[in-house]
Amino acid sequence: MPRKTYRQAINEALDCEMARDENVIVIGEDVAGGAGGSGEDDAYGGVLGVTKGLVGKYGRARVIDTPITESAIMGAAAGAASTGLRPVAELMFVDFLGVCFDQIFNQAAKFRYMFGGKARTPLVIRSMIGAGMSAAAQHSQALHPIFTHIPGLKVVMPSNAYDAKGLLIQAIRDDDPVIFLEHKALYDTQAEVPDEAYAIPFGEAEFVTEGDDVTIVAFSAMVARAKAVAEDMEKEGIEVELIDPRTTSPLDEEAILESVERTGRLVVVDEGSPRCGMAADIAALVASKGFAHLKAPVAMVTPPHTPVPFAPNLEAAYLPSNERIAAAVRSVLGETVPAE
Amino acid sequence: MADLTALTMPKWGLSMEEGTLASWHLAEGDAVSEGAEIADIETSKLLNTLEARSPGTLLRLVAQEGETLPCGALIAVLGEAGTDAEAVEAFIASFEAVEPDATEAGEASAPAFRTAEVDGMTLRYAEAGTGAETVLLLHGFGGDSGNWMFVTDDLASDYRTVALDLPGHGGSDKDLPGSGDLDDIAGLVRGFIEAGALGAVHLVGHSFGGAVAERIAGACEVRSLTLIAPLLPGCALNRAYIADFTEAKRKRELREVLTRLVADADAISRDMVEDVLRYKRLDGVAAALEQLGKVAGQIANETPRPLALPALAIWGEADRIIPPPGTDTLGERAERHLVAGAGHLPHLEAAAETARLIRRNIAGSA
């Protein structure tokens, strides 16, 4: 099986679906590369090269460069989706959400509901999340909880290249607005990815490791960190069950509750801010529906409630580290943890 | 120079890169006869037993139990009893591991995936060996050419082996030919035999692939027919398995379904479950499985009839998918052979014995 990067996997998903369905279009800033300028066409293929090659294959009518106005991109995409196209709109950095929030949460997310279930809005919004690249406070946030909060939006957070392709294909085929969040630290990570098209259903968690001692739920780039911790713990005979929900909305509650029923211990690792975030959400889920099985308080590993620091050393301290994840696992196991 | 033979980490199937020496069956100094069980090797998919290809004395166990080594790495040294220890040391020191994939073209057992275009469809197959006679292996419902990895490793030393991915499976197109019934599929495989100029082949078919093989054997010239737990008219097919395999979407569900295939549930690894789940997500697979499941049910509903060609029918004693029929219902054209300690997949669970039986049937046809 060929190994491919997260970036290639996303590109292949777009390519597969654009080839299969002529209604699929791509719209965003620089997705074709330098429209209107004197430069070379498709020089970049998006700021991170994800859409490279598509304009050559599918043409300007289906790979549409836009001015730098997120409100126009999202408004145009929501309108196009409501007329039957399947737009994949790019909101480059998720941090820019603020200027196009109405188009997403008050328009696209509401169409089906407001029009008596008769409207379909097959819209995908791709966007980059996450810290770790020294991109500073305005380009490093993990805002998935904000989308997850809005009924009518589906929210996808692939943690690896294989999932990225299958989840994006599913997102494009879905008839509701889907927010597809790519972690910028993952673009060069590799996994075995089939050449053929495949779809991974939403709301089905992946059991990354299986174990009966502790459940860890982690999202996006945090999955790899939690996996490294799980592998270290295994050497000590501690069996961690690592769950990657893959989508925060819908959320595979059953997988989490079933796992905690066996382990009785839960650690949630998320890169979002701690208040009203996924860690708090899952802790509340288990406290309300799985309390009887808990043998220890739920541990949440998140950044502190501050903007993402620019200084690399502070940014590294901000993100949930392997050490903090391991300490949380030990704490729910009742082991004494040395002070940090 | 003493006559010493290197025993190396085998390469079972195209995806195997390394194996773990789970346990030695023999100790240093033990005499080894051809076919003797030497060690259990664990791949990421399954545990299999390594058997001796030639007799001798086990002079040195190089690999430790629990050790994971790349394919082609030295695991033991075989030679004449009483060989000088220094000669053995020198042999070990000078041994250079050869990754079986990297061997020169024409090397007997270097397997490779190839594709063929037949009636507008792309079919993938794994080919190994360069013998004058060709053995064509057809997997079962939901399987692929990789199911034959242990058996082809053995057969390829004397035969050219071609393990085909049936349409809807593996790396072949996921559409089915025609209306997707047994005749359409058998016709496509005949087209594959003709397109590849394979000539009269030795046919080996497992389960649904057994039904395809039997249908082909009735329609064109084949040298021998070996059926492994074949799906034959009137057989007691476990229909719940077909439905549950087709339906299963989650790993836990699918693992439970897959354990019904084997006598020892531990034989189903996490990787194997993951591979099947990934296969099932590919575009077109769900529709193909649904159609093939229907065809399988129809075949089981038919009235038993004599086989198109005399065949060796191999069954795992603990088969829960198509339980071994009585010799009376199987008909006199089939010689039934039961394999102990195996379920529906004797070619994976008791690979060496199954390979020996296939060889015997092939030799008997000469």
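This is a predicted model: local features need pLDDT of at least 70, side-chain atom pairs count only at pLDDT 80 or more; totals for chains, interfaces and linings use all residues.
Visitor: Which residue stands opposite S127(A) in β5(A)?

Guide: That one is L91(A). Strand β4 (residues 86-93) of chain A is joined to β5(A) by 5 bridges, and these two run parallel. With at least two bridges asked for, that makes a pair too.

Visitor: What makes strand β5 (residues 124-129) of chain A mostly covered?

Guide: Here 6 of its 6 residues are buried.

Visitor: Which residues of β5(A) are on each side?

Guide: V124(A), R126(A) and M128(A) are on one side, with I125(A), S127(A) and I129(A) on the other. They're all buried, and that's how we know both faces are covered.

Visitor: Which residues are buried in helix α12 (residues 322-332) of chain A?

Guide: I325(A), A326(A), A328(A), V329(A) and V332(A). They span an arc of only 160 degrees around the axis, so they end up on the same side of α12(A). As for partners, these buried residues pack against β10 (214-218), α8 (222-235), β11 (240-244), β13 (266-269) and β14 (299-301) of chain A. After the helix comes G334(A), with a positive phi near 85 degrees.

Visitor: How is chain A divided?

Guide: Into domain 1 (3-192) and domain 2 (206-332), with 27 Å separating their centres, taken over C-alpha atoms. Where they meet, domain 1 of chain A gives 26 residues and domain 2 of chain A gives 23. On the domain 1 side, the elements giving two or more residues are α6 (144-148), β6 (154-156), α7 (161-173) and β7 (178-183) of chain A. By class, that side has 15 nonpolar, 9 polar and 2 charged residues.

Visitor: On to chain B. What makes β9 and β16 of chain B edge strands?

Guide: β9 (112-118) and β16 (334-339) of chain B each pair on one side only. They belong to an open sheet of 8 strands with mixed pairing, in the order β9-β10-β12-β11-β13-β14-β15-β16. From one strand to the next, the twist averages 25 degrees.

Visitor: How do you know that β11 and β13 of chain B pair?

Guide: Bridges again: β11 (residues 134-138) and β13 (residues 201-206) of chain B share 4, in the parallel sense. Within them, L137(B) faces V204(B). Helix α4 (residues 208-217) of chain B packs on the sheet, touching β11, β13 and β14 (222-228) of chain B, and its direction makes about 145 degrees with that of β13(B).

Visitor: How many residues of domain 1 of chain B are in contact with domain 2 of chain B?

Guide: 11 residues of domain 1 of chain B, meeting 13 of domain 2 of chain B. Contact asks for C-beta atoms within 7 Å, so each of those residues has a partner across the boundary inside that cut-off. The C-alpha centres of the two domains lie 30 Å apart.

Conventions: Residues are numbered from 1 along each chain as its sequence is written. Chains are lettered from A and ligands numbered from 1 in the order in which they are written. A residue is buried if 20 or more other C-beta atoms lie within 10 Å of its own, exposed if 12 or fewer, and partly exposed in between; C-beta atoms are placed from the backbone. The arc is that of the directions from the helix axis to the C-beta atoms. Two residues are in contact if their C-beta atoms, placed from the backbone, lie within 7 Å. Axes are lines fitted to C-alpha atoms, for helices over the stretch in contact, and angles run from 0 to 180 degrees between N-to-C directions. Domain bounds come from an automatic or database domain assignment. Ala, Val, Leu, Ile, Met, Phe, Trp, Tyr, Cys and Pro count as nonpolar, Asp, Glu, Lys and Arg as charged, and the others, Gly among them, as polar.
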